[in-house]
Amino acid sequence: MFVVRRSASRLYPAGVQLAKMSGSQVGDLGSGAGKGGGGGGSIREAGGAFGKLEAAREEEYFYKKQREQLDRLKNDQIHQAEFHHQQIKEHEEAIQRHKEFLNNLNK
């Protein structure tokens, strides 16, 4: 019996990292510059309705980016499973051919 060990990095396609906004902001999104030092641009620093709108757009961007990445990861996993099922089928056919060949040799 063989045990196959794979690292987690090989299970996922190269370069797939989930987009994630850092949760280090203090206060409401778009309400002005936070304690972290970086303001996020003049519109966000000013706060008010435009700052909140910009923050909402940024959140929406990262949400859509994460959805795209998760969909791509799911599709990659489906394609890998289909590939491995096809490989199993081909190997089983090859085993059957070899068994028939060996049976014909004994006759």
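The account below concerns helix α3 and its place in the protein.

A: This is a predicted model, in which local features need pLDDT of at least 70 and side-chain atom pairs count only at pLDDT 80 or more, while totals for chains, interfaces and linings use all residues. Residues are numbered from 1 along each chain as its sequence is written, and side-chain values use heavy atoms, with hydrogens and water left out.

The protein contains 3 helices and 0 strands, and its pattern along the sequence reads α-α-α. Helices (H or I, at least four residues) and strands (E, at least two) are DSSP runs, numbered from the N terminus. Helix α3 covers residues 48-106. With 59 residues, α3 reaches 87 Å from its first C-alpha to its last, close to the 87 Å expected at 1.5 Å a residue; the expected span is 1.5 Å times one less than the number of residues.

Burial is described by relative accessible area: buried means under 20%, exposed over 50%, and partly exposed in between (1.4 Å probe, protein chains only). Of the 107 residues in the protein, 9% are buried. In α3 the buried residues are Gly51, Ala55, Gln69, Leu73 and Ala94.

A salt bridge is a side-chain nitrogen of Lys or Arg within 4 Å of a carboxyl oxygen of Asp or Glu, and a search of the whole structure finds 2 of them. Lys64 and Glu60 form one, at 3.2 Å from N to O. Both residues lie in α3, 4 residues apart, which is about one turn of the helix. Lys64 is partly exposed at 47% relative accessibility, and Glu60 is likewise partly exposed at 42%. Asp71 and Arg67 also meet in a salt bridge, at 3.4 Å from N to O. Because Asp71 and Arg67 are 4 residues apart in α3, about one helical turn separates them. Asp71 has a relative accessible area of 38% and is partly exposed, as is Arg67 with 37%.

The structure also holds 1 aromatic pair. The ring centres of Tyr61 and Phe62 are 5.2 Å apart and their planes stand at 80 degrees, so the pair is edge-to-face. Rings of Phe, Tyr and Trp (its six-membered ring) pair if their centres lie within 6.5 Å; planes under 30 degrees apart count as stacked, over 60 as edge-to-face and the rest as tilted. Tyr61 is partly exposed at 47% relative accessibility, and Phe62 is partly exposed at 25%.

Leu102 lies in α3 and is partly exposed, with a relative accessible area of 48%.
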